[in-house]
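I opened this notebook to record what I looked up in one structure. The entries follow the order in which I checked each topic.

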Amino acid sequence: MAARFNLFVSLFWTVVCLGPAVWYCYLYVPLSWLRVIAVVALLPFFVPKSWLNHYASAGFYERIGVRGLLKFVQHGKLVNGMIRKRYPGYRIIYNRETIHRKVKETYMFERFHYGLFLALLILTFHARSGYWILVLLVCNTGYNVYPVFMQQYVRLRLKAFSLKS
């Protein structure tokens with residue numbers, strides 16, 4: 001059940017934010033550009049984890065709305081709330097091992113969103129019309145910039161939580 005709810009949320013954001021980028025590629029981007037974009041999108045997976053450890057304060061992330069957006073994402077407050085109605089004992093984090101696993105997961109998702117950020121940034125530079133530039137920038141911000149901030153914020157909170165326990 002949890003997997004289905006999270007899949008629905010993931011599909012929703014993917015269609016809303018990547019749908020326009022895919023349509024733009026279909027209409028305007030030659031295959032040679034797509035090959036270059038694919039290679040560039042893989043680069044963040046080769047950077048050391050230490051490069052991803054650049055945090056602002058938790059207050060910064062909260063001021064720009066990251067905490068509020070965590071309601072509407074995979075394993076977010078809405079999805080977890082719906083699952084807990086049916087399964088009251090449902091938890092993602094319940095011991096040190098799950099904290100460690102979740103921290104590792106945030107690094108993977110951060111790399112994923114950095115890769116897509118680079119891909120959509122290249123598409124934005126490729127775009128010639130103001131309409132497509134704006135659409136791609138909005139999609140990139142919603143699908144990649146904020147999720148990178150979310151991963152960093154979640155990692156900050158998990159590390160603070162693990163120090164307390």
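Entry 1. Before looking at how helices pass each other, I noted the convention: a crossing is left-handed if the near helix is turned anticlockwise from the far one by less than a right angle, and right-handed if clockwise. I also noted that helices (H or I, at least four residues) and strands (E, at least two) are DSSP runs, numbered from the N terminus.

Entry 2. I recorded the origin of the model and its limits. The model is predicted, so local features need pLDDT of at least 70 and side-chain atom pairs count only at pLDDT 80 or more, while totals for chains, interfaces and linings use all residues. Residues are numbered from 1 along each chain as its sequence is written, and side-chain values use heavy atoms, with hydrogens and water left out.

Entry 3. I looked up the overall fold. The protein chain has seven helices and zero strands, in the pattern α-α-α-α-α-α-α along the sequence. Its C-alpha trace spans about 50 × 35 × 30 Å along the principal axes. Of the 165 residues, 33% are buried, where buried means under 20% relative accessible area, exposed over 50%, and partly exposed in between (1.4 Å probe, protein chains only). I then checked contacts, meaning heavy atoms within 4.5 Å. Among contacts between residues at least 6 apart in sequence, 81% join residues at least 24 apart.

Entry 4. I turned to helix H6, residues 96-126. The expected span of a helix is 1.5 Å times one less than its number of residues. For the 31 residues of H6 this gives 45 Å, and the end C-alpha atoms are 45 Å apart, which agrees.

Entry 5. Beyond its neighbours within four places in sequence, lysine 102 is in contact with His75, Ile92, Ile93 and Leu158. Valine 103 is also in H6 and is buried, at 11%. Not counting residues up to four places away, valine 103 touches Arg155, Leu158 and Lys159. Valine 103 and arginine 157 are 54 residues apart in sequence, yet their C-alpha atoms are 9.9 Å apart in space.

Entry 6. I looked up how H6 passes helix H7, residues 130-164. Axes are lines fitted to C-alpha atoms, for helices over the stretch in contact, and angles run from 0 to 180 degrees between N-to-C directions. The axes of H6 and H7 come within 9 Å and cross at roughly 160 degrees. H6 is therefore roughly antiparallel to H7, since angles under 35 degrees count as roughly parallel, over 145 as roughly antiparallel, 65 to 115 as roughly perpendicular and the rest as oblique. The crossing of H6 and H7 is left-handed.

Entry 7. I asked which residues asparagine 140 is in contact with, leaving aside its neighbours within four places in sequence. They are Leu116, Phe117, Leu120, Leu121 and Val145. Asparagine 140 belongs to H7 and is buried, with a relative accessible area of 2%.

Entry 8. Ala2, Phe5, Asn6 and Val9 in H1 meet Val79, Met82 and Ile83 in H5.
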